[in-house]
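Subject: Structure handover

Hello,

Here is the structure we talked about, followed by notes on what was found in it. Please read the notes with the model open.

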Amino acid sequence: MNENIIHTLILGGLFLVLFGFAEFLYHKLKVNAELTRKTVHLGTGLLTLLFPLWLDNHWFVLALCSSFLLILLLSLKFNLLPSINGVNRKTRGSVLFPMIVYGCFLVYNHYGSLVYFYVPILILAICDPIAALVGKKFQIGKYKILGHTKTLIGSAGFCVSAFVVTAIGMSLLTQIPLSQNLGYSFVIAISTTIAEALSQKGYDNFTIPVTAISLLILFLN
């Protein structure tokens, strides 16, 4: 119990440091909010990878996720944390993120395998920013879906990185044969790419990991 408390406090401090760093980049170095937001997105995703290693009780994860959900909701209400919220579009992604992290932890806790936590979180943390950054930089193959503009190059970047992340994750965290691994990884990569393309206003922070974790449950059980 004492270790859980200590680790919860350390993780909470690390998240606050990450938020502070993003604010420094935004205010002092004038880094665009889209980039600082993606920095926080990636950083929080990577920090949450410590949850299964440092916390053996889901209540501590709930406490952390609830605390940061409250901070993010207050920041939206009072126009704080522009490094996260100062983007020129309506998005609920930052609010959905702590919810989905807790949900993934519960699934991991139930099945007892890290693959159910690490693969969905890593796809969200790594592949989503890759799609956004690649799509904005190259803007090749623009297409509209549900009134929202995406790029083929961005979707391709997401798909390839999701395949790599999933294949490596399942290789390290499961005992399935390589052929099955590659097949499952391909389906998960395609499905999460479609989920990302269809989602708007930050709801990909929900649809991407839910798609990944649902397929993992289907394939591995």
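A residue is called buried under 20% relative accessible area, exposed over 50%, and partly exposed in between, with a 1.4 Å probe and protein chains only. Gln 200 is partly exposed because its relative accessible area is 27%.

This is a predicted model, so local features need pLDDT of at least 70 and side-chain atom pairs count only at pLDDT 80 or more, while totals for chains, interfaces and linings use all residues. Residues are numbered from 1 along each chain as its sequence is written, and side-chain values use heavy atoms, with hydrogens and water left out.

Loops

Helices (H or I, at least four residues) and strands (E, at least two) are DSSP runs, numbered from the N terminus. Gln 200 belongs to the loop between α9 and α10. Contact means heavy atoms within 4.5 Å. Not counting residues up to four places away in sequence, Gln 200 touches Ile 145, Leu 146 and His 148.

Ser 113 is in the loop between α6 (93-111) and α7. Ser 113 counts as buried because its relative accessibility is 16%. Its contacts, not counting residues up to four places away in sequence, are Tyr 108 and Leu 173. The C-alpha of Gly 169, 56 residues apart from Ser 113 along the chain, is 11 Å from that of Ser 113.

Helix α9

Helix α9 covers residues 178-198, 21 residues in total, and reaches 30 Å from first C-alpha to last. That is close to the expected 30 Å, where the expected span is 1.5 Å times one less than the number of residues. Among the buried residues of α9 are Asn 181, Tyr 184, Ser 185, Ile 188 and Ala 189. An α-helix has 3.6 residues a turn, so residues three or four places apart point the same way. The cover over the buried residues of α9 includes α7 (115-138), β1 (142-145), β2 (148-151), α8 (152-173) and α10 (204-220).

Thr 44 is in helix α2 (residues 33-48). Thr 44 counts as buried because its relative accessibility is 8%. A polar atom of the Thr 44 side chain lies 2.7 Å from the backbone oxygen of Val 40. Leaving aside neighbours within four places in sequence, Thr 44 is in contact with Phe 15, Leu 18, Phe 19 and Phe 97.

Rings of Phe, Tyr and Trp (its six-membered ring) pair if their centres lie within 6.5 Å, and the structure holds 9 aromatic pairs. One aromatic cluster is formed by Phe 15, Phe 19, Phe 51 and Phe 68.

A charge sits over a ring if NZ of Lys or CZ of Arg is within 6 Å of the ring centre and within 35 degrees of the ring normal. The charged end of Lys 77 sits over the ring of Phe 78, 5.8 Å from its centre. Lys 137 lies over the face of Phe 138, at 5.8 Å from the ring centre.

Cysteines

With a disulfide taken as a pair of cysteine sulfur atoms within 2.5 Å, the count is 0. Cys 127 is buried at 0% relative accessibility, and Cys 159 is buried at 18%.

Regards

Terms used:
A polar contact is a pair of N or O atoms within 3.5 Å; within protein, one must be able to donate a hydrogen and the other to accept it, and residues adjacent in sequence count only if both atoms are side-chain atoms. Rings of Phe, Tyr and Trp (its six-membered ring) pair if their centres lie within 6.5 Å; planes under 30 degrees apart count as stacked, over 60 as edge-to-face and the rest as tilted.
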